[in-house]
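Let's take a friendly walk through one protein model. Have a look at the sequence and the 3D view before reading on.

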Amino acid sequence: MLLKRDKLINLLHAKLNSQLDEIEIKGICVDSREIKNEDMFIALKGDNVDGHDFVQSALKNGASFALVEKDINNVDKSRLIQVNSCYEALLTLAKYNLSLIQSKYIGVTGSIGKTTTKNLIYHLLQNTTSRNVYVSRKNFNSQIGLPICVATMPMQTQIGIFEMGMSHKGEIKKLIEIISPNVSVITYVCETHLEFFNSVWDIAKAKSEIMETSFPQEAIILPADNAYCEFFIRKAKQNNIKNIYTFGFNSANAQVNSYQIEDDNIFVNARVLGNTINYKISGHNISLIPNSLASILAAYAISGISVKILAESLSNFTISSGRGNIFQKNDILIIDDSYNACPTSVKAAIRTLSTYRGRKILVLGDMKELGRQEVQLHENLAATVEKYGINHVFACGNLMKHLFNNIQDSRKEAWSDNSENLKEKVISFIKPGDKILVKGSHSMHMDKIVEGIKNAL
C-alpha cells in the first residue's frame, strides 16, 4: 500500500515526523521477532505484552516504520507514526485498502479444518483460473490477524480467501464487518473453544454469524454430516443467501460415494452438483475428503469453473506442516498433526492411524480450551484408542494424563508434563516399521517431538 504523506496523516489522524512524500507499507507485523525488511510494525497492547516495549527491536530488525500510541525513546523519531489507537489505525488501514480493490471474497469458518479448507480453495483457484487470487496468511484469522491480511492484500486481487476464527460470541460478526464474504464456508463444528461457551450448540450459533452480512451472499457451503446443518440451512434461508450447498458422507450436494486409501493417497469417487467425479488427494487423513468437497463447492460458487476441472487439480495439493502431513524415513512413518487438537479431530486422526500396518504409536498432548468437561473429554479418548487397536501410547500434559490412566496397561509407554521431556522417551522407543501419530494443542509444542524424531532418523 502506497500512501501520500498527507493522506496517511489525515486517514489515521497521525503525527508523523518523516518528511517523505510517500509512505509505502509493504507488510504489517505485530511481532518484532518476525519482522521482514520494510514492514511496518504495529505496537499493539495485549493483556500481558505491550508492543511499545519492542519498537526499538522491530526497527533494528528492519521495520521501516512503527505505528505507536506514544513517543519512544532512543529511536529515530522520523520512523514513528503516532496515533491515538494502534488497533483502530490497523482497522482503518484495512478498510482503506479494501476500498481500493475490486474483488469477491470467500470466508471460511468452523471448528476444525478451516486452514486446510482455505488452502484447498486457494490451490484450486490458483490452478484453474487466470484471475488474481489472494489467500490470508497462515492462521491469521483473528481480530488482529484478519485486518493485517486485509490491509496488505494486493491491489490486483480479484478473488480473496480469508479464514475467520473466534473464541467468543460476536467475534465472527466483527470480522465480517471488516471484510464481507460473497461466499461462505462452515466446516465441521465441534468442541473447540468450549471453555468460552456453554455448549457446542452455542459454538454453532456463533459460527453462523458469518452469514450476517449486510447483503445476501451468493452461496454458503455447509457440513451435511454435522448435527447443526439443518440450523445452518434455516439461517441461510432467513438471510436470503442465493445458493445453499452441502458436503459430506451423508446425503449432500457434494457427497462421497466411495473412497480408497493407497500409497499415501486417497482416491475419491463423489457426486457433486449432479456430476460424478473421481479425484486423488495426497494423504491418509480421512477429514481431507469432506474438506476437499467443501473447497470444490466454494471454488465453483465464486468462479463458475466446472467441478470436474476443479477436482482434477487436487492431485498436487500439499497439506500444511503440522496438519496431518506425512514424513517417512528408514521404514518409519510419522503423521505430523501437531498444530492443534480437539476431541473430534483426535478421534479422526486415531482412525487414520489405524489404517496403517505395523506398530501404531500414539503421541498425544493436552487438548486446550475445553472448559468444565476437559477431564472427561480426555478420559473418553480411551474408548477410541481401544476401538482402533492402538498399540502404544505416549501422553503429554496434565490433562492427557487422564487418558493415560484410563487405558490398558499394555498400551501405556510414558507420560510427561511437557513435550521436551517426552521427546527422548519416544525417540528411544521407535523402531523400523513403526507408524507414529503426533497430535496436541499448539501450546503443547508437540512439533518438538516431530522434529526430534526426524533428526534422530
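Five strands make up an open sheet, arranged in the order 2-7-6-5-4 with mixed pairing. Strand 2 (15–16) and strand 4 (27–29) sit at the edges with a single partner strand each, so one side of each has no neighbour in the sheet. Strands of a sheet pair through backbone hydrogen bonds, and they may be parallel or antiparallel. Here, two strands count as paired if DSSP finds at least two bridges between them. Strand 2 is joined to strand 7 (residues 80–82) by two bridges, and the two run antiparallel. L16 stands opposite I81 in strand 7.

This is a predicted model, in which local features need pLDDT of at least 70 and side-chain atom pairs count only at pLDDT 80 or more, while totals for chains, interfaces and linings use all residues. Residues are numbered from 1 along each chain as its sequence is written, and side-chain values use heavy atoms, leaving out hydrogens and water.

Now for two helices. Helices (H or I, at least four residues) and strands (E, at least two) are DSSP runs, numbered from the N terminus. The expected span of a helix is 1.5 Å times one less than its number of residues.

| Helix | Residues | Number of residues | End-to-end C-alpha distance | Expected span |
|---|---|---|---|---|
| Helix 3 | 86–99 | 14 residues | 20 Å | 20 Å |

How many of the 15 residues of helix 4 are buried? Buried means under 20% relative accessible area, exposed over 50%, and partly exposed in between (1.4 Å probe, protein chains only). The count is 11 of the 15, so helix 4 is largely enclosed by the rest of the structure. Among the buried residues of helix 4 are K114, N119 and L125. In helix 3, the buried residues include C86, L90 and Y96.

Is S184 buried or exposed? With 0% relative accessibility, S184 counts as buried. Leaving aside residues up to four places away in sequence, S184 touches G107, I210, Q217, A219, I220 and I221, where contact means heavy atoms within 4.5 Å. S184 and S208 are 24 residues apart in sequence, and their C-alpha atoms are 9.9 Å apart in space.
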